[in-house]
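Please look over the sequence and the model before reading on.

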Amino acid sequence: MRIHIATDHAGLDFSKHLISHLGDAGHEVIDHGPTSYDPLDDYPAFCISAAAAVVADQAAGVDALGVVFGGSGNGEQIAANKVRGARAALVWNQATATLAREHNNANVIAIGARQHPIDDVIAFIDTFVATPFPGEERHQRRIDQLAEYENTGTIAGTVLS
């Protein structure tokens with residue numbers, strides 16, 4: 001699987017461990033930055049780049065997912081979700097990693113590097129990558145509604161306030 005990762009200065013040390021871990025597990029890892037420590041760097045471009053690459057890969061039929069992380073993961077999730085077709089979920093334990101795939105078919109996860117030890121982060125990512133989307137109708141219906149809203153600004157048959 002191809003895995004796109006991005007971070008900011010808060011997650012730079014984690015990215016080095018993750019690139020090694022995921023590569024050792026047989027994944028192709030694409031690092032969207034940063035490559036050096038800068039306490040004033042800005043995560044949006046890195047995270048948007050990773051999410052856009054995941055969406056492009058998936059549209060081309062490439063098996064791909066993304067992982068974005070920073071101090072809390074919140075801003076990184078918001079940035080990734082600005083990409084049309086990205087479904088980024090904030091993950092803070094193995095259950096949320098599993099549910100991100102099973103219920104939301106998330107293609108990107110965001111993790112707070114300052115919130116968890118590296119062993120936990122690796123477990124979250126391994127769980128996310130290993131969990132398939134089972135395609136249950138109710139979950140697919142909701143994902144389709146999100147995509148419809150993303151593309152049209154409405155959801156057919158509903159009244160948005």
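Is arginine 138 buried, partly exposed or exposed? Arginine 138 counts as partly exposed, at 35% relative accessibility; buried means under 20% relative accessible area, exposed over 50%, and partly exposed in between (1.4 Å probe, protein chains only). The model is predicted, so local features need pLDDT of at least 70 and side-chain atom pairs count only at pLDDT 80 or more, while totals for chains, interfaces and linings use all residues. Residues are numbered from 1 along each chain as its sequence is written, and side-chain values use heavy atoms, with hydrogens and water left out.

**Salt bridges overall**
- The count comes to four salt bridges, each a side-chain nitrogen of Lys or Arg within 4 Å of a carboxyl oxygen of Asp or Glu.
- One network of salt bridges links Arg2, Glu28 and Asp57.

**Aspartate 57 and arginine 2**
- Aspartate 57 forms a salt bridge with arginine 2 (3.0 Å, N to O).
- Because aspartate 57 lies in helix 2 (residues 43-59) and arginine 2 in strand 1 (residues 2-6), the pair ties together parts that are 55 residues apart in sequence.
- Helices (H or I, at least four residues) and strands (E, at least two) are DSSP runs, numbered from the N terminus.
- Aspartate 57 is buried, at 10% relative accessible area, whereas arginine 2 is partly exposed, at 22%.

- Arginine 138 meets glutamate 136 in a salt bridge (2.6 Å, N to O), and glutamate 136 is partly exposed at 39% relative accessibility.
- Arginine 141 pairs with glutamate 137 in a salt bridge, with the closest N and O atoms 2.8 Å apart.
- Both arginine 141 and glutamate 137 belong to helix 6 (residues 137-152), where they sit four residues apart, about one turn of the helix.
- Arginine 141 is partly exposed, at 35% relative accessibility.
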